[in-house]
Amino acid sequence: MPSLAKIATIGIDYIHCLFKLYKDLMIRVILYDTAGQERYRSINETYYKKIDSIILIYDISNKRNFEEYKEYYRDKIREKCKNNIKVILIGNKIDIEEREVTTEEGYAFAFENGYMFMETSCITNDNIYDAFEAIIYETLLIKMKEEEEENKYNNKEKRILLQKKKNKQCIIL
């Protein structure tokens, strides 16, 4: 049986991966895993302007954790990120019975802020793939709209953008 020990992120970690979206569309994704502890928040903020989307994960068995997200990240996302950034709020640990944050509370916070919302379990893998698929798809739509707008105004850049289009990339914090 695999160990269920918790390994905390210290500072920031990242991974490059390919994500298959539909039949033959491969998206290169860079995932930054940032530490949730307060002492690392200033490090995390340096990445906010560069990212395309954010996955905010809170523990459904920890009300204080959820309330901290509501207070801190809502303001930081508005203040530091691009205007069109996509955010998905994820309530994790749906496999346990000790729930302190209801699905309705998570959904209400997400809805108020224009975030997508899902609940997941990393232990049972419930909704993990769906959450990634949703945020990558929405981010890709925004990037394609941005490219389309840029192409309208500058034909010279159009060739460059078409070359870049072959290697789609999504940066997620």
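1. Phe66 is buried, its relative accessible area being 1%, where buried stands for under 20% relative accessible area, exposed for over 50% and partly exposed for what lies in between (1.4 Å probe, protein chains only). Please keep in mind that this is a predicted model, in which local features need pLDDT of at least 70 and side-chain atom pairs count only at pLDDT 80 or more, while totals for chains, interfaces and linings use all residues. Residues are numbered from 1 along each chain as its sequence is written, and side-chain values use heavy atoms, with hydrogens and water left out.

2. The ring of Phe66 is paired with that of Phe109, and because their centres are 6.0 Å apart and their planes stand at 80°, the pair is edge-to-face. The rule behind this is that rings of Phe, Tyr and Trp (its six-membered ring) pair if their centres lie within 6.5 Å, with planes under 30 degrees apart counted as stacked, over 60 as edge-to-face and the rest as tilted. Phe66 belongs to helix H2 (residues 63–80) and Phe109 to helix H3 (residues 103–113), so that the pair joins distant parts of the chain, 43 residues apart. Helices (H or I, at least four residues) and strands (E, at least two) are DSSP runs, numbered from the N terminus. Phe109 also counts as buried, at 2% relative accessibility.

3. Ring pairs link Phe66 and Phe109 with Tyr58 and Tyr115 into a cluster, and the structure as a whole holds six aromatic pairs. One of them is formed by Phe19 and Tyr129, which is stacked because the ring centres are 5.0 Å apart and the planes lie at 20°. This pair, too, links distant parts of the chain, with Phe19 in strand S1 (residues 12–21) and Tyr129 in helix H4 (residues 128–153), 110 residues apart. Phe19 counts as buried at 11% relative accessibility, whereas Tyr129 is partly exposed at 44%.

4. Turning to charged side chains, those of opposite charge can pair when their charged atoms come close. A salt bridge is taken here as a side-chain nitrogen of Lys or Arg within 4 Å of a carboxyl oxygen of Asp or Glu, and by this rule the count comes to seven. One of them joins Asp59 to Lys93, with the closest N and O atoms 3.1 Å apart. Asp59 is in strand S3 (residues 53–59) and Lys93 in the loop between strand S4 (86–92) and H3, 34 residues apart; Asp59 counts as buried at 15% relative accessibility, while Lys93 is partly exposed at 22%.

5. A second example is the salt bridge between Glu119 and Arg99 (3.0 Å, N to O), which connects strand S5 (residues 116–120) with the loop between S4 and H3 across 20 residues. Here Glu119 is buried at 12% and Arg99 partly exposed at 34%. In helix H2, Lys70 and Glu67 meet in a salt bridge as well (3.8 Å, N to O), and because they are three residues apart, about one helical turn separates them.

6. Finally, a word on confidence: pLDDT, the predictor's confidence in each residue from 0 to 100, averages 76 over the chain, and 71% of the residues score at least 70. Over residues 1–10 the pLDDT is below 50, and this stretch has eight contacts (heavy atoms within 4.5 Å) beyond near neighbours in sequence. Residues 156–171 also stay under 50, and for them the model has 29 contacts beyond four places in sequence.
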